[in-house]
Amino acid sequence: MTGAGSADVDVDLGRLFGSLARNWKRIVAVSVGVTAVAFMFASMATPHYRAETRILIENRESVYARPTTGASEADRPLLDSEAVASQVEVISSNDILREVARKLKLASHDEFGARGETSAIGNLLILTGLKSDPSQASVEDRVIRAMRERLNVYNVDRSRVIVVSFSSTAPKLAADVPNAIADAYLAVQEQAKRLTTADATEWLEPEIADLRKRVREAEARVADYRAKADLLAGGQNNTVIANQQLSEISSELVRVSAARSAAQARAKTIRDALASGASAESIPEVLNAPVIQRLRERQAQLSSDLADASTTLLENHPRIRSLKAQLAEVEQQIRSEARKVLASVESEASSMRARETELTGDLNRLKAAAAQAGGDEVELRALEREAAAERALLESYLTRYREAASRADRNYLPADARIFSRATQPYEPYFPKVLPITAAAFVGSALLLAIFTLLAELFSGRAMRPAPRVIEPVEEIVMPALSVANVEGAADADEAEEVVEDPIEEIRAQRAELTIEEAADRLVESNVSRAVFISPEGDEAAAASVLVAREVSDAGLRVVFLDLTSTGTPSATMLESNRYPGITNLLAAEAQFSEIIRADLYSDCHVISVGTAQMEKAMRAIDRLPIILASLETAYDLIIVECGPTDAESLSRVVTDTTEILVSVIEAEDEAIRETSLDLAESGYREVLRVTPVGYRQPPAPEGRRSVA
């Protein structure tokens, strides 16, 4: 089969670009003319010079001269991008430009339009209302407008550098103007600082005088209230006397209470010892008494003498009785002295008890006084806080006033900017650049003329040619003629003669082979979701699946053709190229559905080609093929799968309960056909249809679609 698209055209690139060779003289001539005109205008143009001054925005306050009140970062001026952009606007302000124009007498230069003269074209624009009359403005306004046209002030990206660029026909003026603008800007900054400082000192003077008066009044109120409320402070931690006395009496009361308790305990101990008849010498208070100690010494001496006498004298000896009487008298004296100690301790406890009662009364009185003093102290502290706040504010104002006054007197108010690169007189004009302008004019004119020539050739149709579409042919197989004797089932010679006249139809009837139209009708009527084609005879027989897909698509069903052959020839006859992404790319995860589905050139059928991915990589993901087919079934009425020369075992991934299996046949007696039929029958696929493309005639294509003959 051969195909030709009579309605399609293609671009003849050789003829298209050949038009440049045919018209090169005209292109060169016009380009040379345009170049000559550009060279003439560039040579006659007035040269313009440009110079620039660079200003660095920074805080120039010295650490030694910086005010102490402004030492923190929050009090210093911010030098962020917004601040730098604001300084750009200040530099290009009318006041600075007006001052520079007066200083350099720019009104005397003709290029600044001080006379208000205009060209002939300018007069025409004024008459038509497209331009305002410059003579109606003042000389100063005209000069400033001309300066703005030649001035360019901008901030260097990601820096605090401001560039002041100015252009002029005079080299010296091109350098003088930006330098003068920078100097005027620094002067304005310093003057602004001086005015700010002067305003601050003028405002601080009356404020300081008023604050001094308020401080004196606040401190006087504190002193009066302290005396009135008797809140005089003592020498200990500046505490009120009443509170100090309360603290001291509390401490004394605790001490007296402890002493009283100790005295009572000692008296009870002595009393219990005497009542029980125990030895009084065992009591520490009694033992420590000097009289008791002497009596104990006397007792010890008598006991010793009694012991010595008892060794030689009898019990009733006068000496023995005398010593015993003396010893009993000493013991009686010791107990008498113990009772005196007891009386002394009880007297001490009674004294401590009376002192404790007295201190408790004093403590209660001081508590009431301290409570009253505490309430008065609340008001006193409020007055003291007010006086302290007024005093701190006064000290802060005094410090700032002295610093501002000293800086103003010493005239040390540097601007927050400095010129680090002054403009110098340029020696080479930036406009016009004769050589670049001339070269650009030649190249641009030649390019435009070449494009115009190509477009003219293209739109005229001379560069167009028919675009034939050649489809790989499917050769028709010449079937052998049959005689009357060999035709089974013929009733008479007339029927045999009729069969001989159409041998191909008879062969199809004998072998149950369907035509393309019959196969398409069967698929439409059977309502299957998949049609799997096997082509044992190769790519020539695979044309049957392509033709059936187109017939079913023309019947109104949504059809997709899936090429699973190794060569990709069936899908290549349906597309412009066999290098499109296809099923192997989808299996290898290199593409998506939207990238592999394309339209058939000759029908409404959609096509999925073999693809361009590595076959080994795609086969590793072959288990995804049933999932892909199931996804396609949700979008299409019929999926036609061309498997090429394959076996029954390989059909397991593409065959379902709603699948029709068809074998493409050209030579019915071919050995490959018989082997495939036997393999399918042994594997359980018995309802297999045979389809042949032999004798198929392509119907005329609908209007607007390519046709295949």
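The dialogue below goes from the whole chain to single residues.

Mentor: Keep in mind that this is a predicted model.

Trainee: How many helices and strands does the chain have?

Mentor: The secondary structure comes to 22 helices and 14 strands.

Trainee: What share of the residues is buried?

Mentor: Of the 709 residues in the chain, 38% are buried. The chain exposes about 40,600 Å², and carbon and sulfur atoms supply 53% of that area.

Trainee: What can I learn from the contacts in the chain?

Mentor: Look at how far apart the partners are in sequence. Among contacts between residues at least 6 apart in sequence, 80% join residues at least 24 apart. Q698 is found in the segment after strand 14 (688–691), and its relative accessibility of 31% makes Q698 partly exposed.

Trainee: How do strand 3 and strand 4 run relative to each other, parallel or antiparallel?

Mentor: Strand 3 (residues 151–155) and strand 4 (residues 161–168) run antiparallel, and five bridges join them. Within this pairing, V153 stands opposite V164 in strand 4. The hairpin of strand 3 and strand 4 has five residues between the strands. In that hairpin, R158 takes a positive phi near 60 degrees.

Trainee: Next, side chains. How many salt bridges are there?

Mentor: A salt bridge is counted when a side-chain nitrogen of Lys or Arg is within 4 Å of a carboxyl oxygen of Asp or Glu. By this rule the count is 23.

Trainee: Which residue forms a salt bridge with E52?

Mentor: The partner of E52 is R54, and their closest N and O atoms are 2.9 Å apart. E52 is partly exposed because its relative accessibility is 30%. R54, with a relative accessible area of 24%, is partly exposed too.

Trainee: Which parts of the chain does the pair of E386 and R221 tie together?

Mentor: E386 and R221 form a salt bridge with the closest N and O atoms 3.3 Å apart. E386 lies in helix 11 (residues 318–410) and R221 in helix 7 (residues 171–228), so the pair ties together parts that are 165 residues apart in sequence. The relative accessibility is 36% for E386, which counts as partly exposed. For R221 the value is 35%, and R221 counts as partly exposed.

Trainee: Where do R558 and D637 lie?

Mentor: Begin with the distance: R558 forms a salt bridge with D637, and the closest N and O atoms are 3.1 Å apart. R558 lies in the loop between helix 16 (543–554) and strand 9 (559–563), and D637 in the loop between helix 21 (625–633) and strand 12 (638–642), so the pair ties together parts that are 79 residues apart in sequence. R558 is partly exposed at 48% relative accessibility, and D637 is partly exposed at 32%.

Trainee: Which residues do salt bridges that share partners join into one network?

Mentor: They join D95, R98, R102 and E140.

Trainee: Last, what is a disulfide, and how many does the search find?

Mentor: A disulfide is a covalent bond between the sulfur atoms of two cysteines. A search of the whole structure finds zero disulfides.

Trainee: Is C605 buried or exposed?

Mentor: C605 is buried, at 0% relative accessibility. C643 is buried as well, because its relative accessible area is 12% and the cut-off for buried is under 20%.

Methods: Residues numbered from 1 in each chain as written. Predicted model: local features only at pLDDT ≥ 70, side-chain atom pairs only at ≥ 80, totals over all residues. Heavy atoms only, no water. Pairing = 2+ DSSP bridges. Helix = DSSP H or I, 4+ residues; strand = E, 2+ residues; numbered from the N terminus. Buried < 20%, exposed > 50% of the residue type's maximum accessible area, 1.4 Å probe, protein only. Contact = heavy atoms within 4.5 Å. Areas by Shrake-Rupley, 256 points an atom, 1.4 Å probe, with all protein chains shown as cover. Disulfide = S-S within 2.5 Å.
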